[in-house]
Amino acid sequence: MKASGHALVTGGGSGIGAAVAKTLVNDGLRVTLLGRTLAPLQRLAADHPGHMAAVQADVADADAVAMAFAQARANFGPITVLVNSAGQASSAPFLKTDATLWQQMLSVNLTGTFICTQAVLPDMLQAGWGRIINIASTAGLAGYAYVAAYCAAKHGVVGLTRALALELARKGITVNAVCPGYTETELLRDSIANVIAKTGRTEEAARAEFAAGNPQGRIVQPEEVADTVRWLCSAAAASINGQSIAVCGGEIMN
Ligand code: NAP
């Protein structure tokens, strides 16, 4: 049931990415963590000497990504698992969504996924095996108010996933999206802080509102998302391709 080889996890220093990295390294893979800030990546990598390493890049910067991926290959060899978890979620009413916010959401969430996937694909084609897993969102499958740019970017990630899955279907490579609902990470804590600042609600009330969006009445844990990624990496999931798997307690039903 184990996947083999070398996994690169973008956004691997925190939240869902860090949970995925820990799960995959415990399964026996070598794991490279990629993000813009080295310190948290290095702290996590230091817990797994010889099995985990950190590289620095902004996923929206193709040259920086190429250099970081080259460094990753020099450490642990060809990359056969890519988990695109780097992401940001800024909110604003549509008429206050300026070009900068719009572009930022598309750059990090969608173009970053495109750039990292292009950077890794030759390794997978050469190996005749690969797993590409995009951490999209329930916002890639449904609309939510005040996050038009984020929603558009995540819908784009789902579209990219579907198209590439078909293109690579006969190459031993699967491409899937995992779509979490509200998950207990820094990104959610920022969203809760934003609601508190804008509405004057207590933290408890703001948090309860996010939890209420999930039919199970709770916030998803990052480890639950990581377990879905782990399964998609396994041989048992070889026929799962082009799917967008919602991890959200039933909030979204495909
Ligand atoms: P998080 O803890 O804030 O993690 C996001 C990670 O992405 C950070 O490690 C950050 O590190 C990295 N990152 C951000 N911009 C980057 C860039 N331009 N280049 C490289 N790395 C970048 O949040 P999270 O919740 O784990 O988010 C992971 C993914 O899950 C995101 O794609 C998010 O959209 C998705 N998601 C989250 C939720 C949720 O409720 N938490 C729900 C659905 C989907 P640096 O800042 O150091 O670069």
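Student: Why is Asp27 called buried?

Tutor: Buried means under 20% relative accessible area, exposed over 50%, partly exposed in between (1.4 Å probe, protein chains only). Asp27 has 10% relative accessibility, so Asp27 counts as buried. A word on the source: this is a predicted model, where local features need pLDDT of at least 70, side-chain atom pairs count only at pLDDT 80 or more, and totals for chains, interfaces and linings use all residues. Residues are numbered from 1 along each chain as its sequence is written, and side-chain values use heavy atoms, with hydrogens and water left out.

Student: What makes Arg230 and Asp27 a salt bridge?

Tutor: The term requires a side-chain nitrogen of Lys or Arg within 4 Å of a carboxyl oxygen of Asp or Glu. In Arg230 and Asp27 the closest N and O atoms are 2.9 Å apart, so the pair forms a salt bridge. This pair links distant parts of the chain, 203 residues apart. Arg230 sits in helix α8 (residues 222-233), and Asp27 in the loop between α1 (15-26) and β2 (30-35). Helices (H or I, at least four residues) and strands (E, at least two) are DSSP runs, numbered from the N terminus.

Student: What makes Arg218 and Glu224 a salt bridge?

Tutor: The closest N and O atoms are 2.9 Å apart, so Arg218 and Glu224 qualify. Arg218 is partly exposed at 33%, and Glu224 is partly exposed at 28%. Elsewhere, shared partners join Glu184, Glu186, Arg189, Glu203 and Arg207 into one network of salt bridges. The salt-bridge count comes to 8.

Student: Why is Cys179 in no disulfide?

Tutor: A disulfide is a pair of cysteine sulfur atoms within 2.5 Å. The nearest cysteine sulfur to Cys179, that of Cys248, is 8.4 Å away, so Cys179 is in no disulfide. Cys248 is in none either, its nearest cysteine sulfur being that of Cys179. The disulfide count comes to 0.

Student: Are these cysteines buried or exposed?

Tutor: Cys179 has 0% relative accessibility, so Cys179 counts as buried. Cys248, at 4%, counts as buried too.
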